[in-house]
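Hello,

Here is the structure for your files. My notes on the helix and the ligand follow it.

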Amino acid sequence: MRLKKEKGIIVAFDMEDTEFALELARDLRGARGNFVIKVGRPLEMRAGIGILAQIKDASELPIIYDGKIADIPYISQRIASSAYDAGADAVILHGFVGSDVVKAVKTLGKGDVIAVVEMTHPGSDEFIQPAAERIAMMVARTGLEGVVLPATKPERVKNLARIVQRENAYIYIIAPGIKTQGASPGDAIVNGADYEVVGRAIYNAEEPKLAAETIYSEVMDIADAMRTGGDAMKVANAYAARIKELGIEFDYIHGVAYKGIPLAALVAMRLSEWEINKRWGYDRKEEKRYGEEGAIVGELRDGDTVLIVDDVITTGATKVESWLKLASMRRDVKSAGILVAVDREEMSDADKKMLARYHLSLYSILKITEIFEFLHNREIDGKVYVDDGMMHDFKQYFRQYVPETQC
Ligand code: O7M
């Protein structure tokens, strides 16, 4: 079972009680959300490597063996091989040990290989951080499936994610340090990570399954809202209705990779049912290999007015990047603005000025505060998703992280 490049939570199984580990594995099998289990050395040392298969059977989830392998190529390969044979779908090794070790484990071809690029603890800044950019480049070029970046240092996640994804658009990024080490759920995902790793905040919680589900739900994801064809239609409908309601005029609708890609297609289809028949396209992530003409998929023409669609907006940086690419491809391209499902209301004045500079008007279907206010103490399918505690945390987050002018 390979890990997919999608948003989710990796639950760190660092507890030492085997029975409890198996109980949580069984609980996670039916939990709401996209979960993966990472087995660390504390549990493996207590229970033996056989615990991997037991947890896999109990949870039916992908299993990562986090041995943080850091030995010579021959030994690293043997450790990884034993872990795969015991049921691991992926293994974690240290990138700093060098490309020969990384290649040796990769050539086993037995499962995903994930390398630690930079770590969450302060000591990581002493020796690892100065080399992290080079480590990132090396592991991405070696064709590994995943990298570990520190959620506790969001700027580092952003920079390093850019480096690895420039080399390899399909690599997934996992980021530990959530809650107990100080990062908030979503901090790393907003900055380009795919999975966030959570250990103590789940396995030390009074109700670990509930804690896992709650943390998952804090990580907003439109993909979740579009899980089935019917749900995707509802989402497309909401976008299309908003376009009509606002009277946005455009010739071409562009989806920002990745979430904007299905959105552009679905919204264009939905609008065509209302006789609004427009061209649509999306970013090609591996553009460099194809040159300027291959930077997008879709037919953009000189003089087009472009509407950009995406799932959420945080700083707007990726939208500006997308717009500049489109504007440089054809003559006289004009902007009809950006439409997102959710405005996280986290844009600073500088971010807003940046959008204004390129005449990129921002439209959203919902604002994050509206969502929380709507869900607050409201029961949906027998469950209250935002109770007083979560509302309090949200307000605190908002006060702490959202630029002053927004509050
Ligand atoms: O949520 P916690 O703090 O209880 O656990 C964090 C987990 O992430 C734990 O399993 C650590 O080994 C791991 N981790 C870090 O905390 N920091 C890092 O820099 C790297 C990792 C990690 O997962 O590396 C693979």
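After α7 comes G143, which has a positive phi near 85°. Helices (H or I, at least four residues) and strands (E, at least two) are DSSP runs, numbered from the N terminus. The model is predicted, with local features needing pLDDT of at least 70 and side-chain atom pairs pLDDT 80 or more, while totals for chains, interfaces and linings use all residues. Residues are numbered from 1 along each chain as its sequence is written, and side-chain values use heavy atoms, leaving out hydrogens and water.

Helix α7 covers residues 132-141, and its buried residues (under 20% relative accessible area, 1.4 Å probe, protein chains only) are A132, I135, A136, M138, V139 and A140. These buried residues pack against α5 (99-106), β5 (112-116), β6 (146-148) and α8 (154-167), where contact means heavy atoms within 4.5 Å.

The ligand is surrounded by 16 residues, counted when a heavy atom lies within 4 Å of the ligand. D14, K38, T120, G199 and R200 are the closest. By class, the shell holds eight nonpolar, three polar and five charged residues; Gly counts as polar here.

- side chain of T120 to a ligand nitrogen, 2.7 Å
- side chain of K68 to a ligand oxygen, 3.1 Å
- backbone of R200 to a ligand oxygen, 2.7 Å

Of the 520 Å² of accessible area that the ligand has on its own, the protein covers 91% (Shrake-Rupley, 1.4 Å probe). Two or more shell residues come from each of β3 (63-69) and β8 (195-198).

Regards

Note on methods
Polar contact = N/O pair within 3.5 Å; in protein donor to acceptor, adjacent residues only side chain to side chain. Buried < 20%, exposed > 50% of the residue type's maximum accessible area, 1.4 Å probe, protein only.
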